[in-house]
Amino acid sequence: MRSANRCFGQLVIVCGVVGFGCTAQPEDAEELVLQSTVSAFEGARVIVGDGSEPIEDAVFLVEEDQFLGVGRRGEMEIPAGATRVDLTGRTVMPALIDTHTHLSRTRPELEEDLRRRAYYGVAAAMSLGQDDGGAPFEIRNETIAGAARFLTVGRGITRPEPGRSDIPFWVNTEDEARQAVQDLAADNIELVKIWVDDRSGQYEKLTPELYGAVIDEAHTRGMRVTAHIFSLEDAKGLLRAGIDAFAHGIRDQDVDDEIVALFQERPSVVLVPNLPGRGVAEDLSWIGDTVAAGELAELQARYVEQPTAQASFSIQARNLDRLHREGVTIALGTDGNSSWGPHLELADMVATGMMPHEVIVAATSNSAEFLGLSQLGSIAQGKDADFVILNANPLEDIRNTRQIESVYIRGVEVDRAGLSDRWLNSVTGE
């Protein structure tokens, strides 16, 4: 337990010691030194992350790795001796939580992935289904300075997909499906990933009997299940079978009244829409501090008008818009391994009709709750001090989440300048 003096600093008395007593020296009067380990951040607009109204001209206090409190200036008592940080004109929001990634599997590369995420204001990332032990299982239990937290579901479960990936469990019987869940439980996995997708007719997909066995076995063991899906009919079957979350939105057609009713029967189910690219021109200059010029030019060339992509996005956009309006809980996921991807996803979610504040809640407190990260997701007393300081207001334009001045993870500022220099210089050979 931390000291009871947490909010008020520490009073240190410096004096001479004689025998077992304490007496002031003749020429050196007793010196009282008031020290405080608290930092007071003042003057920003604070987006709390829980859906409540933003706090204008706010003060929030941080000590070590936690928030001590947040409120309007004048309502928060700032301890004497606290370090004061002026954030007038800035906006502060909780660090993001990415619930669907596929990160590297060797220690050096995975640690670098997590540093890159911290650079872009991500506090935690969940790797969804492609980890078979080794570094991912080790790092999930570690705290890495200046890096996002790492979570993993281990190996996902699917039907045989030769030529695609041999890391997931390939199951063809209910016994095999149950054994896969049992193996995951032995590895202390709490969330099971399944794929229910024939990949445009290339493979057999999990049948209702197979995914039903997975869900039943997982629930018996206190585990939850999230599903990669494509079709509306599969989403309906999974909801009837008791699925806990979807790792993608419905992509083949518009949702109907029946699936809305199924979602409403299961209000705890979480939807991670994982939207595709909108197929529109996009300026990527804002990632130039982490991506070398040549690679950036290649990436930029892909962000042009693409009518086919626009049509695919439109289906998923309509579906997300309706399900969100019907009260389904939405969280953030990006798939793949793009450290700046969460900011693109935020903008895509707004493009479907969600309001910027709703999207921020989805990407912070909703995502934290989904992953069981009770210490993350909002700026509130007792929560971990993971936050992003922005130079512009994302409630006016969600793309302002990219205007990052600084990032704090566990109460410590991320050395973004140092990371940027190292990444760019490692490419140029300087």
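Select Phe 67 and Phe 387 to begin: both are buried. The model on the screen is a predicted one.

**Stop 1: aromatic rings**

How far apart are the centres of the two rings? The ring centres of Phe 67 and Phe 387 are 5.7 Å apart, and the planes stand at 45°, so this pair counts as tilted. Now colour the strands. Phe 67 belongs to strand 7 (residues 66–72) and Phe 387 to strand 20 (residues 387–390), so the contact ties together parts that are 320 residues apart in sequence.

The structure as a whole holds 12 aromatic pairs.

Clear the selection and pick Tyr 120 and Trp 286. Their ring centres lie 6.1 Å apart with the planes at 90°, so this pair is edge-to-face. Tyr 120 sits in the loop between helix 1 (107–119) and strand 11 (122–127), while Trp 286 sits in the loop between strand 18 (270–271) and helix 7 (293–302). The two residues are 166 apart in the chain, and the pair links distant parts of it. Are Tyr 120 and Trp 286 buried or exposed? Tyr 120 is buried, and Trp 286 is buried as well.

A word on reading such pairs: two aromatic rings are described by the distance of their centres and the angle of their planes.

**Stop 2: salt bridges**

Side chains of opposite charge can pair when their charged atoms come close. A search of the whole structure finds 31 salt bridges. Three of them are visited here.

Select Glu 111 and Arg 107. Their side chains meet in a salt bridge, with 2.8 Å from N to O. Both residues are in helix 1, four residues apart, which means that about one helical turn separates them. Glu 111 has a relative accessible area of 15% and is therefore buried. Arg 107, at 26%, is partly exposed.

Move to Asp 216 and Arg 178. What is the N to O distance in this salt bridge? For Asp 216 and Arg 178 it is 3.0 Å. Asp 216 is partly exposed, with a relative accessible area of 39%. Arg 178 is also partly exposed, at 25% relative accessibility.

For one further bridge, select Glu 326 and Arg 322. Their side chains meet at 3.6 Å, N to O. Glu 326 is partly exposed, with 31% relative accessibility.

**Stop 3: a negative patch**

Switch to a surface view and select Glu 174, Asp 175, Glu 176 and Glu 209. These residues form a negative surface patch. Which helix supplies the largest share of the patch? Helix 3 (residues 174–186) does, with three residues. Glu 209 is found in helix 4 (residues 208–220). The relative accessibility of Glu 209 is 48%, so this residue counts as partly exposed.

**Stop 4: two positive phi angles**

Return to the backbone view and select Ser 200. This residue is not a glycine, yet its phi is positive, at about 60°. Ser 200 lies in the loop between strand 15 (191–196) and helix 4. Is Ser 200 buried or exposed? At 76% relative accessibility, Ser 200 counts as exposed.

Now select Asp 335. Here too phi is positive, at about 65°, although Asp 335 is not a glycine. The residue is in the loop between strand 19 (329–330) and helix 9 (341–351). Asp 335 has 28% relative accessibility and counts as partly exposed.

**Stop 5: helix 9**

The relative accessibility of Ala 347 is 5%, so it counts as buried. How many residues separate Ala 347 and Val 359 in sequence? They are 12 residues apart in sequence, and their C-alpha atoms are 8.7 Å apart in space.

Key. Residues numbered from 1 in each chain as written. Predicted model: local features only at pLDDT ≥ 70, side-chain atom pairs only at ≥ 80, totals over all residues. Heavy atoms only, no water. Patch = residues over 30% accessible without salt bridge, like charges linked within 9 Å, V, L, I, M, F, W, Y side chains within 5 Å. Areas by Shrake-Rupley, 256 points an atom, 1.4 Å probe, with all protein chains shown as cover. Salt bridge = Lys/Arg side-chain N within 4 Å of Asp/Glu carboxyl O. Lys, Arg positive; Asp, Glu negative; His and termini not counted. Charge placed at Lys NZ, Arg CZ, Asp CG, Glu CD. Buried < 20%, exposed > 50% of the residue type's maximum accessible area, 1.4 Å probe, protein only. Phe/Tyr/Trp six-rings, centres within 6.5 Å; stacked < 30°, edge-to-face > 60°.
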